[in-house]
Amino acid sequence: GLSMRTMRSSSFGEKKVNVEPTAETPRFIELGTASDAGDLQLQSRIAQGVSKRREQTKVFKLTTTSDKVALKTLIQAAYRQVFERDLNPYVVKNEFTALESKLGNNEINLKEFIECLGCSPLYVKQFYAPYPNTKVIELGTKHFLGRAPLNQAEIRTYNQILASKGIKGFINAMLNTVEYAEAFGEDVVPYRRFPTLPAANFPNTERLYNQLTKQNGEIVVPSFEPATATDRS
């Protein structure tokens, strides 16, 4: 009987056996450990972001405010263009519900709606306050004109407007240009008009366009490469 008990699986004999307890991994380490599944989830999210960015190449035009479903789709496209992502419902409820109602009631047109989004505290916090003027201009032309800055003269002009009139004057200046009127009018959501690089002297523009959400610190400021001195010896 003793031998049967000692030979039985998952049992210890009556001899003293030193059993080392298994070390338990702390819960906070388990939660913080990366796995292969996380990489797959990340790639899936990136793919979703790419599809959203491709969707922004479509033209969203406001034809009527009576179709509430189409109006909501157009408003979401405006959020993606200006804020570079879909906004959470609680953000919209707190900050933009009244603005959406004005658009739905024909109290303002789509151009005025876009301008109000750009002048909102959320846009100022995320795309104006953290950056110098050169980067604000790159982001602003991307969001409201659908392109990169054309040249240094345009940057200087918008830089003077930013310095004298602030972010509201800068956005108002872009939305009141002939270019905006011809490209979008008063009823089209701005979109990325140039899939390819429109200005060869801005090497960071394509990287700027390829950001899925907000910008990061990898983009140098200014975006053009400085000239280097030549050795004449």
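Helices here are DSSP runs of H or I of at least four residues, numbered from the N terminus. By that count, Asn106 is found in the loop between helix 6 and helix 7 (110-118). The model is predicted. Its chain has twelve helices and zero strands, and buried residues make up 35% of the 233 residues.

**Overall fold**

- Read along the sequence, the pattern of the chain is α-α-α-α-α-α-α-α-α-α-α-α.
- Consider the contacts in the chain between residues at least 6 apart in sequence: 65% of them join residues at least 24 apart.

**Helix 9 against helix 10**

- Helix 9 covers residues 133-144 and helix 10 covers residues 152-175.
- The two helices pack at an angle of about 35°, and their axes are 10 Å apart.
- Their crossing is left-handed.
- On the side of helix 9, the contact is made by Asn133, Val136, Ile137, Gly140, Thr141 and Phe144.
- On the side of helix 10, the contact residues are Ile155, Tyr158, Asn159, Leu162, Ile167, Phe170, Ile171, Met174 and Leu175.
- Sorted by class, the contact of helix 9 with helix 10 has eleven nonpolar residues, four polar residues and no charged residues.

**Salt bridges**

- The structure has six salt bridges.
- Lys72 and Glu100 form one of them through their side chains, with 3.7 Å from N to O.
- This pair links distant parts of the chain, as Lys72 is in helix 4 (residues 68-83) and Glu100 is in helix 6 (residues 97-104), 28 residues apart.
- Lys72 is partly exposed, with a relative accessible area of 37%, whereas Glu100 counts as buried at 14% relative accessibility.
- The side chains of Asp86 and Arg80 also meet in a salt bridge, with an N to O distance of 3.2 Å.
- Asp86 is partly exposed, with a relative accessible area of 38%, while Arg80 counts as buried at 9% relative accessibility.
- Glu154 forms a salt bridge with Arg147, and the closest N and O atoms of this pair are 2.6 Å apart.
- Both Glu154 and Arg147 are buried.

**Cysteines**

- A disulfide is a covalent bond between the sulfur atoms of two cysteines.
- The structure holds zero disulfides.
- The cut-off for a disulfide is a pair of cysteine sulfur atoms within 2.5 Å.
- Cys119 is likewise in no disulfide, and its nearest cysteine sulfur is that of Cys116.
- Cys116 is partly exposed, with a relative accessible area of 35%.

**The loop residue Val59**

- Val59 lies in the loop between helix 3 (36-55) and helix 4.
- Is Val59 buried or exposed? Val59 is exposed, with a relative accessible area of 51%. The cut-off for exposed is over 50%.
- Val59 and Phe184 are 125 residues apart along the chain, yet their C-alpha atoms are separated by 9.2 Å.
- Apart from its neighbours within four places in sequence, Val59 is in contact with Val188 and Tyr191.

**Positive phi angles**

- Most residues other than glycine have a negative phi.
- Glu84 has a phi near 65°, a positive value in a residue other than glycine.
- Glu84 lies in the loop between helix 4 and helix 5 (89-95).
- Glu84 is buried, with a relative accessible area of 9%.
- Asn106 is not a glycine either, and its phi is positive at about 65°.
- Asn106 is exposed, with a relative accessible area of 58%.

Key
Residues numbered from 1 in each chain as written. Predicted model: local features only at pLDDT ≥ 70, side-chain atom pairs only at ≥ 80, totals over all residues. Heavy atoms only, no water. Axes fitted to C-alpha atoms, helices over the stretch in contact; angles between N-to-C directions. Left-handed = near helix turned anticlockwise from the far one by under 90°. Contact = heavy atoms within 4.5 Å. Nonpolar A, V, L, I, M, F, W, Y, C, P; charged D, E, K, R; others polar. Buried < 20%, exposed > 50% of the residue type's maximum accessible area, 1.4 Å probe, protein only. Salt bridge = Lys/Arg side-chain N within 4 Å of Asp/Glu carboxyl O.
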